[in-house]
Amino acid sequence: MAVRKRQAAKKPLPPGLNTVPRVFWHRVHEWADQTAMREKDFGIWKNIPWKTYGEKAKHTALGLIELGIEKGDRVAVISENNPEWLYSDMGTIAIGGVTVGIYPTDSPNQVEYVVGHSGARVYIAEDEEQLDKILEVRENLPSLKKIVVMDMEGLRNFKDDMVISFDDLLALGKGLDERDPGLFEKRIREPRPEDLAILIYTSGTTGPPKGAMISHSNIISVSEMQDEVNPGFEDDEILSFLPLCHIAQRSASAFGPLFAGYRINFVEEMDTVPENIREVSPTVFFAVPRIWEKFYSSLVLTMRDSTRLEKLAFKWALGVGGKVSDYTLQLTQPPLYLKFLFKVADWTVLRNLKKVIGLDKARYLLSGAAPISPDLLKFYHSLGLDMREVYGQTENCGPTSIHFDDDVKFGTVGKPLPRAEIKISDEGEILLKGPHIFMGYYNDPEKTAETVIDGWLHTGDVGRFDEDGHLIISDRMKDIIITSGGKNITPSEIENQLKFSPYINDAVVIGDGRKYLTALIMIDDENVMEYAQDNRIPFTTYASLTKAEEIVKLIHNQVEEVNKKFARVETVKKFRLIDIQLTTDDEEITPTMKLKRKFVNEKFKEVIDSMY
């Protein structure tokens with residue numbers, strides 16, 4: 001691998017670049033001909049340079065001015081990840097507007113709530129599907145003045161006075177630019193660091209979603225803090241596939257490049273993520289635990305179908321990799337013989353496995369948005385991949401603690417970022433303070449006052465520091481299980497071990513106020529179906545698959561293996577398989593692919609009661 005120029009060697013940003021549009025416009029001129037992003041067009045990856053990015057964002061901004069958008073007005077964007085999302089985002093922020101991201105899987109009622117609550121004046125939709133959602137509810141949205149559609153396929157003969165195409169928006173902006181060439185430069189100087197830049201609507205597991213207000217200062221601060229710890233490089237490749245309205249992907253795709261200059265590659269769609277990873281070979285890859293679990297499952301099941309010699313080689317190579325990672329994590333050099341063995345293992349086995357999942361060029365990997373099993377981290381380190389964990393929330397603009405370069409410790413979420421303060425309350429709750437803490441919840445002063453007290457953000461997470469200053473997350477305070485016998489149990493530890501099985505997609509452990517623990521388990525349909533076919537187990541539907549005696553026995557064996565790792569009171573005594581396929585389109589699943597405990601407990605109440 002070529003030696004990379006350290007981020008510290010870059011010229012620091014000139015003074016006064018303290019808002020997102022000012023940094024953005026500086027980079028557009030500094031990196032004009034460098035590639036900012038790529039998207040796949042008719043099977044070919046197309047480069048989009050910074051000057052094109054800047055021009056499109058500029059014309060989007062001026063087009064929004066033509067539509068009547070003023071400083072502080074909200075613009076909603078609902079789309080899968082694509083360049084137009086970023087043009088809309090940067091264009092809105094550039095003129096002092098506020099971008100409101102909406103999950104593309106949201107229902108019309110959810111769209112209505114976010115657009116209505118935020119008072120968005122413009123709604124930018126990806127295609128006909130997202131257009132239909134707003135048309136269904138627009139009569140209830142008096143603040144909405146215009147709808148912009150990115151992809152007009154299927155809408156050639158559609159006429160509506162409120163609807164224009166994204167190309168029309170750009171044309172409006174281009175026309176204004178020709179009439180008033182200095183207007184954009186003037187408008188990007190107007191936003192102040194303390195001004196609201198984006199609204200991120202958090203998951204509404206305990207009521208309607210809340211709009212977290214993120215300022216320019218929040219974004220600039222957290223981007224600088226993170227880049228100090230894990231610097232990026234201009235030749236890094238990043239894959240953008242998690243929802244852009246989520247703070248993690250937004251930080252990585254929209255704001256991180258402003259400081260590190262790395263290239264963003266947009267996946268074609270969620271189904272092509274594995275293929276696109278192999279094509280791009282990202283150098284830095286962020287994903288939620290479910291993605292890492294899927295990669296692990298695919299590798300493990302691939303090896304199960306291999307020859308006896310291949311299985312032995314895999315076991316040997318993984319063992320060598322595990323020993324090398326033990327030395328590395330202890331910040332010591334492995335013996336020469338072990339280094340030599342690892343090179344052999346990598347050349348003969350591990351490199352090919354990394355190519356299978358498209359991570360053979362990765363400098364480091366990041367997992368976040370939910371707890372991940374330490375065993376899973378160990379697996380990737382044994383492959384020779386530098387896997388790190390990051391912890392944060394929307395309310396602190398993404399990350400607040402992370403595994404530093406050369407300071408990774410399994411079972412922890414690393415150390416606080418520079419200028420981020422973390423302390424543990426008397427109740428064990430993690431409290432945060434720093435320049436990255438959000439402005440509060442939009443139009444909800446009461447909830448803001450409950451969440452930020454004396455400048456400290458109350459996260460709702462339970463945690464502690466270990467002897468080396470690494471933060472350990474136990475669970476959400478509201479998710480801690482107290483059994484009828486008075487035993488406190490953190491369900492996430494058990495759930496993570498269950499999800500480590502290639503046959504289990506997700507699990508919810510239950511037992512609050514009960515005599516013993518039970519679990520609702522969602523199978524990995526792809527792997528379990530393959531198992532059923534290989535073992536000639538008859539099934540017709542997903543539901544019939546979950547009821548097959550052999551499949552229930554398969555999952556029972558997985559549960560029993562996990563039970564061996566825990567004390568008797570922490571073992572799962574009974575379980576049931578969820579007999580319907582749940583996806584991110586369902587209210588029981590978060591956009592980051594986690595089962596919502598509250599919704600699951602309500603929807604499957606009778607099933608849960610049957611286990612007691």
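Predicted model: local features only at pLDDT ≥ 70, side-chain atom pairs only at ≥ 80, totals over all residues.
Residues are numbered from 1 along each chain as its sequence is written, and side-chain values use heavy atoms, with hydrogens and water left out.

Strands are DSSP runs (E, at least two residues), as helices are (H or I, at least four residues), and both are numbered from the N terminus. Strand 21 comprises residues 456-465. Of its 10 residues, 7 are buried, and the strand is thus mostly covered; buried denotes under 20% relative accessible area, exposed over 50%, and partly exposed the range in between (1.4 Å probe, protein chains only).

Two strands are taken to pair if DSSP finds at least two bridges between them. Strand 21 runs antiparallel to strand 18 (residues 429-433), to which 3 bridges join it; within this pairing, Glu429 has Val462 of strand 21 as its bridge partner. Strand 20 (residues 452-453) is also antiparallel to strand 21, with 2 bridges, and Ile453 stands opposite Trp456. Antiparallel pairing with strand 22 (residues 471-476) extends over 5 bridges and places Gly463 opposite Ile473. Strands 21 and 22 likewise form a hairpin, here with 5 residues between them; a positive phi of about 85° is found at Gly469 in the turn.

Lys210 is located in the loop that links strand 8 (196-201) to strand 9 (211-215). This residue is buried yet has no salt bridge, defined as a side-chain nitrogen of Lys or Arg within 4 Å of a carboxyl oxygen of Asp or Glu. The nearest side chain of opposite charge is that of Glu395, 5.5 Å away; in this assignment Lys and Arg count as positive and Asp and Glu as negative, with His and the chain ends not counted. Excluding residues up to four places away in sequence, the contacts of Lys210 (heavy atoms within 4.5 Å) are Ile200, Tyr201, Thr202, Tyr441 and Lys447.

An open sheet of 5 strands shows mixed pairing in the order 12-13-14-15-16. Its edges are strand 12 (284-287) and strand 16 (415-416), each of which pairs on one side only. Strand 16 is antiparallel to strand 15 (residues 398-402) over 2 bridges, and Ile402 has Lys415 as its bridge partner in strand 16.
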